[in-house]
Each structure stands twice: as C-alpha cells, then as structure tokens.
Amino acid sequence: MWLQQRLKSLPGLLSSSWLRRLLIGLLLFLMFYWYLGTERRWKFFGDSGMPGGAAGQCLLSEIHRWNSLVDRGEGLYSTSEEQLDTPFVSGNGHILIDIDSNKLWVASSSQPGSAPVHQTEYSPRFGVHLEGKRAEAQATMLWFRKGSVLSVRCASPAAPQSPRDCITIREEFIAHRSRPNVYVQRIHISNPSDRAAILDVSSEISYGNKFSTSVENLESREIILSSGRVSVENNRIILVVVISKKMNNRIQVSAKSEYTDNILSVVWTSGPIESSKSEETFSALKDGAKKELGELLTASVDELIVDHQQAWMDLFISGVEMRKITDSNTPSSRTVNTTLYYILSSSIAPLLDQRLSGEERSSLESSLNYADHCFSGHATMHAENLWPERVSSTAQILQLFTLWTLTLQKRGCKVLVAAGAHGAMQGMVLSFGGLQFTENHLQFQADPDVLHNSYALRGIHYNQDLINLAVLLDMEGKPFLHLSVKPQEKPVKLYACEAGCLNDPVELTSEMKGHIFPVMVTQPITPLLYISTDLRHLQDLRHTLHLKAILAHEEHMANRYPGLPFLFWFSVTSLITLFHLFLFKLIYNEYCGPGAKPLFRSKVTSKNEEGCCDTSNAA
C-alpha cells in the first residue's frame, strides 16, 4: 500500500523543475565520468583517485615522465590498473628477453633471417623486493628508440608515511644491440624516507632438470654459472651457458640516499649438435663466456649503455610516421612502431659486428643503399597480418618475424634480409608505401585511391643519401607529395619528377623546406613519383610510358567514383515532389474545399455556440 502511494506521487515529483534539473545534471555527470576512463579520471580528479594510496600517487608522478615519450610514439607503457596485452621484450636477434614471463629465448643460428625461436628454462631477471612493504604499485614501459624495457615500482613501507617517503625501484632491461651475447639489468633504488630500507635480491635461475647453477670465481669475483640445453629437431640439442655477476642477497639503502648497480650477464649458445659432443662444446662455451664477462667487468658500463642506445637510435633514423588516419583499415602509429620494434628485436645486426671484414661490410652497405627490385608488388600498408593491431605473446612476435622475412624475400628484398636489422627496417619502410627500386630509379607506386591518409616515410637509403617522402593533405583535403633529402657532407645529385614526367625533372637539394610535387594519376596507372641520380634517364622516361591521359587526383577520383546514377536522383526528386503535392491537396481540402471549417471564428459566433451549449446542458 505504501509502495503504491509512493509510485502515484512520483509523477508529481518529476513535474518539479528543480528535480528535473538535478536528474539531468546527474545523468550528464555519469556520462562524463564514464567517458574519461580510468587513466583520465586519475588526471582529472587528482592523485587521490590513483589506486594504491601513497604508492599509487608516487607511481603517477613517475609515469608522468613517460607521457612525452608515449605522445611522440617512442614507446608505450602498462600499469596494474590498465594492463596492455603486449609482450615487453628486449632482443638483438641472438637472444630475446621476455620481461613479463621472465624467460630467455635463444637462436640456433647467427645467419640473417634466423630468430631466437627456442625458449629456454632459464629466468634472466633478478627480483628486487622491499622487506615489510605495505603496498606496491608498478608500471612497465617499452622504449622503442632505446631498445629497452623500463620498470618502476613504488613501495610504501609498513609504517604509514606520505607519498614522498615511498621507496622507488627503477629497473632497465637491455639485450645489447651491438654485443649480441650481453644482457644487462640496471637497478636504481631511491630512498627519500628517514629510515634505512632493506631489500631482498632473489634470482629464479632455473626450472626443471635441464639447467644447473653453480657459483664460481672469476678474477677474485664471484659469478653465477648457469648451463642447460634445449631440445630441437632430429634428436639434437642446443647448449646454453649463462654467466652473471653475483649480487648480494640483501641491499641496504640508507635514509635519504640512493643505490645503483648493474647486473651483467653473458649468454653463449651452440648450434644444433649431437648429445655425444655436449661436454666438449660446453667447455668451449664456458671459456668464451667467462672471457667476455671478464672484459665487461673491466669496461665502463655507461659507455656500454651509450653504445647500445646509439645503435638503436641509428636504426630508427628510418621509419614510418602516421600523420592523419581517415579510415579503420590503416594501422595506427602505435601499431606501426610496435611492429617495427618487434621485428628489429628479433633481427641480428651484422653491420654492428666488429669481426666483420671490410669487404663483407662494403657489400652489405652497398645492398642497403640500393636494393634493386625491392619492394615489388602492392604496398603492405593495409596488410593486417603484417601490421597486426594486437600481439599478445613472444611466440606471436617470432611468427610475425618469420612472415615478414618470407614476404621480403619473395618480393625481391633478399639482399636487405641479408643485411639484418638495418635491411629489415629499410624493407619494411619501402613496403609500407609501395616504393620500389628499379635498375635506374626509385619509384613510388602507391595506390591513388588510398591517398586520403597522411603519412611520412623517413630515412630511405638511396646511394649515400637519405630521402624523406611524405603524403600530405592540403586545406581542401587534396593529397600532395613532399620530398626532402637529409643534408650530407657531399652535394646531393638527385632528380625527381611526378607521374608521367611531362614536366622537367626537379633537382633535389638538402634544403629544409624540401620539394612539393602534385599527385597526378595516369591512364593506365603508373608510379606517382620517380627519383633518380640520372637526369637523362628521367628525361627519356616520358617517351617510354605511352600514356592515354594524365589526370589530377581529384579528377581521377571523380571518374572512378562518379556517385549515384541520374535515374536514382530523378526518382528521389519525383517522390519528394509528389509527397508535397499530396500534402498540399490535403491542406486545401481541409480549409478551402466543400464543407471546410473556417480558419478564424468571431467572438459573436463563439458566444452563440457557448449559449447553445448552456441551454442544452440545462435541458
């Protein structure tokens, strides 16, 4: 009974203006709160919304340092609140370190095109944990241009303290780019509190019965020697020897101080061998690994890290930049950069090998500067299997590497595959936009129908020059090509002309403003741009194309997509006209036809009608 009375009074309450405003405001607030999402809510409502209390607030300030890198497309990060289904790995083609699963992958061959496809039972990551912690918040970042994985953990001690007193543990995991056997784990601990902090160091060196661990001495220093095997096809095995610097089991960081250390590890592997040769091979691997670790322990770790970072930055001189995406089939900037990083992490870099002879280095650089007939076929920009939006495991990374290697080899890029990571980057950039080297020129043969997206291809090797090519859109949305050359010590001798080469070729210079070319479409379809070092070749090229017509891009699109036929629009117009005529007829019959009601009633008529009504009511 009480519920029925309340339900009957509900319409009366809703008729109140202030209550309606309150309900509308509450609805808008809920919609806005849902739209912000978790990360935006932290930023909008302040640090107090960050889970984890003091540790969460400390982590938020650490993540703030990464935002600029992520915004520039140089990395991505994951937190416990918003986890990315993306493997955080660091590799160099010889080894691959999966930080999340704490697994080591190794390659069975040092030849270009091979990848670290064999998972071992060795766990390369050393764990550093605060004793007596009350709460901990963690975030991990994949840094593309530096080839490393960053991890930051903010731990609050058992005693209640402010966020400024949280212990911050920063780690960096590196599979060295130019020294393929070296793995580095950098540790930096910051203790701003008034108490000393004690941290435990643990290592889960091995699992199962395929790895063994022992402590040995190397030049008056203790090292950890781990050895094991990986079974491969034909009843063969791959031996793996890992030697690491031994850490203390406990670290004490004084109040208001910091602690820094570097854990150096050397990974040596054999090729597939028979089990009968395991003892002899193990002895050779052990001696080689010890010798290399001894050299590392006497070298400067900072120089080692700088060398690694510079090697990765040189790789990313080339690349793809997504400027504006107007459809759902084009990969995002994050997808492109993540794919490039995964492929490079799985590729060896023979050009960085100090043991490479001068003749071999010259041959690889020559093929890298002019890869004849690469990349043949259509552009891979919209190939979702080559630029996947989601990669969720290390095994999928290795499958993607195999697919890219096969694609480049079958599309005329075998010389680039032989050049390792540098060649893989060059081949992927060429394939993305549909660039192809021929005997005398480099041609841009993108599909004119997909130029509504804006992107840039940078660091394209052409002899000794680096070319940047961008597809841009003007204020009206019409595409045009922007071409520039990186400044070099020697003067640039390059020429370019648009589709058809009807206009005289333009001599390219290293000016910052670059050169602009219109997008012209020929019938039949030919490349949109030609680049060559031979001016006479481009001048003669126009006479060999045998074209029927050359159209501007907007004319080509208008002819290709002329719109709906005339009969459709005539039918729609006729229906609209007939509907309005029928509506006009109804209105005319209502007010102007026989028996129509008057549009206006006089006051006298109204009073008479009211009197008649009163009389009839009285009767």
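Which cysteine forms a disulfide with Cys 374, and how far apart are their sulfur atoms?

Mentor: This is a predicted model, in which local features need pLDDT of at least 70 and side-chain atom pairs count only at pLDDT 80 or more, while totals for chains, interfaces and linings use all residues. Residues are numbered from 1 along each chain as its sequence is written, and side-chain values use heavy atoms, with hydrogens and water left out.

Cys 374 forms a disulfide with Cys 413, the sulfur atoms being 1.9 Å apart; a disulfide here is a pair of cysteine sulfur atoms within 2.5 Å. The torsion about the S-S bond of Cys 374 and Cys 413 is about 90°, so this disulfide is right-handed. Cys 374 lies in the loop between helix H8 (358–369) and H9, and Cys 413 in the loop between H9 and helix H10 (414–418), so the pair ties together parts 39 residues apart in sequence. Helices (H or I, at least four residues) and strands (E, at least two) are DSSP runs, numbered from the N terminus. Both Cys 374 and Cys 413 are buried, which means under 20% relative accessible area, with exposed over 50% and partly exposed in between (1.4 Å probe, protein chains only).

A search of the whole structure finds 2 disulfides. Cys 497 is joined to Cys 501, S to S 1.8 Å. Cys 497 is buried at 0% relative accessibility, and Cys 501 is buried at 1%. With the bonded cysteines numbered in sequence order, the pairing is 1-2, 3-4. Cys 166 is in no disulfide, and the nearest cysteine sulfur, that of Cys 58, is 4.9 Å away. Cys 166 is buried as well, with a relative accessible area of 2%.

H9 (residues 394–410) packs against helix H7 (residues 333–345) at an angle of about 85°, with the axes 9 Å apart. Axes are lines fitted to C-alpha atoms, for helices over the stretch in contact, and angles run from 0 to 180 degrees between N-to-C directions. H7 and H9 are therefore roughly perpendicular (65 to 115 degrees; under 35 is roughly parallel, over 145 roughly antiparallel, the rest oblique). Thr 339, Tyr 342 and Ile 343 of H7 meet Ile 397, Leu 400, Phe 401 and Trp 404 of H9 in this contact, where contact means heavy atoms within 4.5 Å.
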